[in-house]
Amino acid sequence: MKEGRSRKRKRAKHGKPQNQNKPLSIEDAIQSHRKEQEEEAEPKTPASSSKRLKSSSFLDKMRARLSGGHFRMINEKLYTCTGEEALDYFNEDPFLFDMYHAGYQEQMSHWPEKPVNIIINWLKGRSSSLVVADFGCGDAQIAKNVKNKVFSLDLVSKDPSVIACDMSNTPLDASSVDVAVFCLSLMGTNFSSYLLEAHRVLKPSGWLLIAEVKSRFDPNTGGADPNMFSKAISDLGFASMFKDFSNKMFILLYFQKKEKQSSKRKEIKWPELKPCLYKRR
């Protein structure tokens, strides 16, 4: 009997731990966090401080992952619905707009170069008297960094300087602005109506600046042919002035509104812009 009990003790002592490689669940992380809060009153030792830092780092990563998942969900929604539907979506729950822009800023922080900064520098190299319409302005970075008069337009406004509207139907007067900007904001399935609105509000010889994610214009992976896209905008009444494909993350297209517009507009064939969809995890 003693020998049998001894063998059992050995197996218990040397047996393989259960769930050795099982990752912590969210519930485990929360419990761990609560335990650390309870231990805060205890004397701090190097070992306990190290443990606290490791768990805090884990929770930060967990929160970032959950936040990133929400951003991807909202981002996909915006690429696959109309501007009017997106406006209704955010009006139902304005908090989603904050969540989207927080995720957007996090994503942009990893880009080596931001297209909005190139556009800002372009504007700084021209007269400050030029009036700008920033379609889908986000956090109104252009307005904050140039001396020009800037109409910042977006679906939801959390800033008095931002005009909340559907970008296909803005309150701007016809032929009232010199520069129209779309910086990563041609997201709706009805993006062509945004460009029609930009054409309406631009003065003759006014500039149209477009920055978009490069993958949306890669025909090899289902994206639009950039030449077809440029042709469609030209048929709308613009002249293509410059194209920049040098960046790995985005492309830049510069157009200028023709001074003489055709009395009969051509039927425009708009290519489908590839939405930015994310793999399910």
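**Exercise 1. What does the accessible surface of the chain come to, and what share of it belongs to carbon and sulfur atoms?**

Solution. Start with the ground rules: this is a predicted model, where local features need pLDDT of at least 70 and side-chain atom pairs count only at pLDDT 80 or more, while totals for chains, interfaces and linings use all residues. Residues are numbered from 1 along each chain as its sequence is written, and side-chain values use heavy atoms, with hydrogens and water left out.

Now the surface: it comes to about 17100 Å², by the Shrake-Rupley method with a 1.4 Å probe. Carbon and sulfur atoms own 52% of that.

**Exercise 2. Work out how the seven strands are arranged in the sheet.**

Step two, get the order. The seven strands make an open sheet that reads 3-2-1-4-5-7-6, with mixed pairing. Two strands pair if DSSP finds at least two bridges between them. At the edges sit strand 3 (162-164) and strand 6 (238-244), each pairing on one side only. From one strand to the next, the twist averages 20°.

Step three, zoom in on one pair. Strand 4 (residues 177-183) runs parallel to strand 5 (residues 202-213), over six bridges. Take Ala-180: its bridge partner in strand 5 is Leu-208.

Contact here means heavy atoms within 4.5 Å.

**Exercise 3. Is Asp-178 buried or exposed? Find its surroundings too.**

Solution. Next, check the cut-offs: buried is under 20% relative accessible area, exposed over 50%, partly exposed in between (1.4 Å probe, protein chains only). Asp-178 has 15%, so it counts as buried.

Leaving aside neighbours within four places in sequence, Asp-178 is in contact with residues including Ser-129, Val-131, Lys-203 and Trp-207. With Lys-203 there's a side-chain to side-chain polar contact at 3.4 Å. That term covers N or O atom pairs within 3.5 Å; within protein, one must be able to donate a hydrogen and the other to accept it, and residues adjacent in sequence count only if both atoms are side-chain atoms.

Notes
Helix = DSSP H or I, 4+ residues; strand = E, 2+ residues; numbered from the N terminus. Axes fitted to C-alpha atoms, helices over the stretch in contact; angles between N-to-C directions.
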